[in-house]
Amino acid sequence: MTLQHQSLGELFEVRCLHIPSMNRTSFEGLLTFVEETLKREFSRAPSRPIYLVGESLGGSLALALAANNLDLDLVLVLVNPATCFSKSPLRPWFSLMDILPEESIIPFTQGAFWTLAKTIPRESLLWKLRILQSAELYTNPRLHVVKHSVLLIVSGKDEFLPSREEALRLKSVLKNCRIRYFKDSGHAILLEEGISLSTIMKGVFFYRRSRAHDHVSDFVPPTQEERERSYEEEGLISKLTSPVMFSTNQHGKIVKGLSGIPHEGPVLFVGIHMLLGFEIGIIVLELLKQRNILLRGIAHPMMLGDFFDGELQEPNRYDRARLHGAVPVSGKNLLKLLSSKSFILLYPGGAREALHRQGEQYKLFWPEKAEFVRMAARFEATIIPFGIVGEDDIAEVLLGYEDLIKIPIYNDWVEKLNSDIQNLRSGESGEVANQQMHLPFFVPKPPGRLYFLFGKPISTAGRKDELRDKANAHRLYLQVKGEVEVAMAYLLKRRKEDPYRHFLPRFLYEAISGFTHQMPTFDP
């Protein structure tokens, strides 16, 4: 845990349980000691949650404490918990150590037990193995009562415990459990390079300061290290698509780069989705790199919950979205972001645009209501319409929704999928209200170039009373929508002048330049 202290210390008041090597306290004794400490902390700050981070034996201890203290607001982070000690490769050696002298055992040991036997004194090792056995016997019968939130961090190459299989068992027993799986990590995962407990927790919305998680007030911006890791993870996509960014300053002049973006919020970016929201990571990270602007996306709750989590879910792109401040779409969350002067990414076309049909890549599907305009005016936000082109050079949709639902197996899958998803626009009319979540069938192309144009900032300062009128708000709404369409038309026309629009010329240029030079493009 020592490598995690600094990053955890930025989020929590950290308390560590240290068991001296000569200490022989029983498991029940440890349980009593920690429980008394927890109750003191709770009485000192009853409105704050208490996080229990337990690795191996500590994981068993945390679960036992949760089972015995259902009234405390506990949050559990368990790292390869030892609730499966009876299935450990250490267990047979534990039985032999009780009956044979040390010199009879050591010559025949190998693997994980050999490592322990050579580094830990016999009596200390015996005590550790006994307490692991006691912890398992005490904790497992009580698991069914644990109702607290649990995050399981699991190693795929744990040499001491069958952690992979145990994670699946615990998830089936615990009522509120999520998993993050690291297939190439060993038992001591928290000592491995590149593993950050705080990053994992923030990536699954597992950090809160009070009884209920708040997507705005509980958000902690990514650290520089987390930013760098995101740049690396998104780097391949950027290299393949060589995105071109243009912005428009307050005088209406289009400039290369993002210098036309205001530096003070609240700012509401409003634009069109590409297929499957492919563009989101590029926009978020380019604004972060070029302008140090943290853009917080408004996303479908399906994308930010555990809907896409598999049995043993590895960290994924949705974790990165949460880490960088994405929030589930709702009027309440939008109001909170605007009131905190945030930079916000909004797609009025939502899933209908991201899951469009053949030939619809540059078509807007916006609702009739202009609610975001009046919300923006309430907080005197600046609205920036933007357009994106290039999807037609990257992928082609072959089968859209109407084609796919004619396939019985696929139609059954879509119906089951949507039965578990809330309809966010039940009060709307038209196509945007009836969008069924599905996966279009598309084929990728040798990646072309992506072009982004952020339009002239539209200020709503001093227009609150004016935009309370529905007709005025609707006129501004149509203006924003029109600016998005103008931006796309401009890019579609001007990209024809870019000699590096297609993949092969770009690849040859970068190969000659050593992949170090900024790819040129047309002048705006």
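Which side chain does R495 meet in a salt bridge? The partner is D392, with N and O 2.7 Å apart. Please keep in mind that this is a predicted model.

- The R495–D392 pair links parts of the chain that are 103 residues apart. R495 sits in the loop between α20 (470–494) and α21, while D392 sits in the loop between β11 (382–389) and β12 (395–399).
- R495 has a relative accessible area of 4%, and D392 has 18%. The cut-off for buried is under 20%, so R495 counts as buried and so does D392.
- Another pair to look up is R180 and D319, whose closest N and O atoms are 2.7 Å apart in a salt bridge. Because R180 belongs to strand β4 (residues 177–182) and D319 to helix α13 (residues 317–323), this pair ties together parts that lie 139 residues apart in sequence.
- R180 is buried, at 0% relative accessible area, and D319 is buried too, at 9%.

**A local pair, a network and the total**

- Within helix α19 (residues 464–468), R468 and D465 are 3 residues apart, so about one helical turn separates them. They form a salt bridge in which the closest N and O atoms are 3.0 Å apart.
- Are R468 and D465 buried or exposed? Both are exposed.
- A network of salt bridges links E13, R15, E41, R44 and R48.
- The count for the model comes to 30 salt bridges.

- L236, L240, F503, L504, F507 and L508 make a nonpolar surface patch of about 550 Å².
- Two helices, α10 (224–241) and α21 (503–513), each supply at least two residues of this patch. The largest share, 4 residues, comes from α21.

**How α10 packs against α11**

- Helix α10 also packs with helix α11 (residues 280–291), at an angle of about 120° and with the axes 10 Å apart. That angle makes α10 oblique to α11.
- The crossing of α10 and α11 is left-handed.

**Backbone features to check**

- Most residues other than glycine have a negative phi, and most peptide bonds are trans.
- Where is the cis peptide bond? It joins G265 and P266, with omega at about 0°. P266 is in the loop between β6 (254–256) and β7 (267–271).
- N80 is not a glycine, yet its phi is positive, at about 45°. You will find N80 in the loop between β2 (74–79) and α4 (91–97), where this residue is buried, with 0% relative accessible area.
- L276 is not a glycine either, and its phi is positive at about 60°. L276 is in the loop between β7 and α11, and its 32% relative accessibility counts as partly exposed.

Technical notes: Residues are numbered from 1 along each chain as its sequence is written. This is a predicted model: local features need pLDDT of at least 70, side-chain atom pairs count only at pLDDT 80 or more; totals for chains, interfaces and linings use all residues. Side-chain values use heavy atoms; hydrogens and water are left out. Patches are made of residues with over 30% relative accessible area and no salt bridge: like charges are joined within 9 Å, nonpolar side chains (Val, Leu, Ile, Met, Phe, Trp, Tyr) within 5 Å. Accessible areas come from the Shrake-Rupley method with a 1.4 Å probe; for residues, only the protein chains shown count as cover. A salt bridge is a side-chain nitrogen of Lys or Arg within 4 Å of a carboxyl oxygen of Asp or Glu. Axes are lines fitted to C-alpha atoms, for helices over the stretch in contact, and angles run from 0 to 180 degrees between N-to-C directions. Angles under 35 degrees count as roughly parallel, over 145 as roughly antiparallel, 65 to 115 as roughly perpendicular and the rest as oblique. A crossing is left-handed if the near helix is turned anticlockwise from the far one by less than a right angle, and right-handed if clockwise. Buried means under 20% relative accessible area, exposed over 50%, partly exposed in between (1.4 Å probe, protein chains only).
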